[in-house]
Amino acid sequence: KEVFKLNSKLVQPSYSAKKGEITREWYIVDAEGQTLGRLASKVAKILQGKHKPIYTPHIDTGDFVIIINAEKINVTGDKANTKVYRNHSGYPGGLKEISYKRLLEKQPEQIIKYAIKGMMPKTILGKQMLKKLKVYAGPNHPHQAQKPKEIDLEKI
């Protein structure tokens, strides 16, 4: 490592991760009994790579995350009855709404994806990071070959 002398003080240059230096891990998270927002914020950190010492804001240094048992996620308060997901087509009358309960019945994976997407950067890099997220409603997933490690979100 190089050290520079600036005004009679030793200064170490800023570190920036290179693409060749990044190693990606596969982690598995069980959503059963977890609170939606707390799970989403911790998973977003892992996807961005903020848990690594080589984190660089303008480079994707994050890891892959597999979330299982999405159908068994918890929400606090009265959100199960009052939360509504909305999207708009951009055309007049194009507002579509679906309640939390209905979405939990139809596509429980989408609830977790929406929560994590809201916590990611709203840039091209954020979209790229979101592609490393895999969510499944039940306990089975097709990523056994990647040998995912179970991660304790309490430590992150």
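In the predicted model, the side chains of D60 and K132 form a polar contact of 2.5 Å. D60 sits in the loop that runs between α1 and β4 (64-68). With a relative accessibility of 5%, D60 counts as buried, because buried means under 20%. Beyond its neighbours within four places in sequence, D60 is in contact with I22, R24, L47, L125, Q128, M129 and K132.

Helix α1 covers residues 36-48. Its 13 residues should span 18 Å at 1.5 Å a residue, and the C-alpha atoms at its ends are 18 Å apart, so expectation and model agree. The buried residues of α1 are L36, L39, A40, K42, V43, A44, I46, L47 and Q48. An α-helix has 3.6 residues a turn, so positions three or four places apart point the same way. After α1 comes G49, with a positive phi near 90 degrees.

D30 is placed in strand β3. Its relative accessibility is 29%, so D30 counts as partly exposed. Residues up to four places away in sequence aside, D30 touches I68 and N69. The side chains of D30 and N69 are joined by a polar contact of 2.7 Å. A polar atom of the D30 side chain also lies 3.2 Å from the backbone nitrogen of E32. D30 and Q107 are separated by 77 residues in sequence and by 17 Å in space, C-alpha to C-alpha.

H143 belongs to the loop between β7 and β8 (149-150). Its relative accessible area is 12%, so H143 is buried. The H143 side chain makes a polar contact of 2.6 Å with the side chain of Y136. Apart from neighbours within four places in sequence, the contacts of H143 are W26, I66, K134, Y136 and P148.

Two pockets were examined. The largest pocket has a volume of about 200 Å³. Its lining consists of Y85, R86, N87, K96, E97, I98, L103, Q107 and Y114. By class, the lining residues divide into 4 nonpolar, 2 polar and 3 charged. Strands β5 (84-88) and β6 (95-99) each supply at least two residues of this lining. Q107, part of this lining, is the residue placed 17 Å from D30 above.

The second largest pocket has a volume of about 160 Å³. T35, L36, G37, N74, V75, T76, K79, K83, Y85, Y114 and A115 form its lining. These residues divide into 5 nonpolar, 4 polar and 2 charged. Helices α1 and α4 (108-117) each contribute at least two residues to the lining.

Conventions: Residues numbered from 1 in each chain as written. Predicted model: local features only at pLDDT ≥ 70, side-chain atom pairs only at ≥ 80, totals over all residues. Heavy atoms only, no water. 1 Å grid on protein atoms, 1.4 Å probe; cavity = no way out; pocket = protein on both sides within 12 Å on 5 of 7 lines; lining within 4 Å. Points joined across faces, edges and corners; volume = space filled by probe spheres on them. Helix = DSSP H or I, 4+ residues; strand = E, 2+ residues; numbered from the N terminus. Nonpolar A, V, L, I, M, F, W, Y, C, P; charged D, E, K, R; others polar. Buried < 20%, exposed > 50% of the residue type's maximum accessible area, 1.4 Å probe, protein only. Polar contact = N/O pair within 3.5 Å; in protein donor to acceptor, adjacent residues only side chain to side chain. Contact = heavy atoms within 4.5 Å. Expected span 1.5 Å × (residues − 1).
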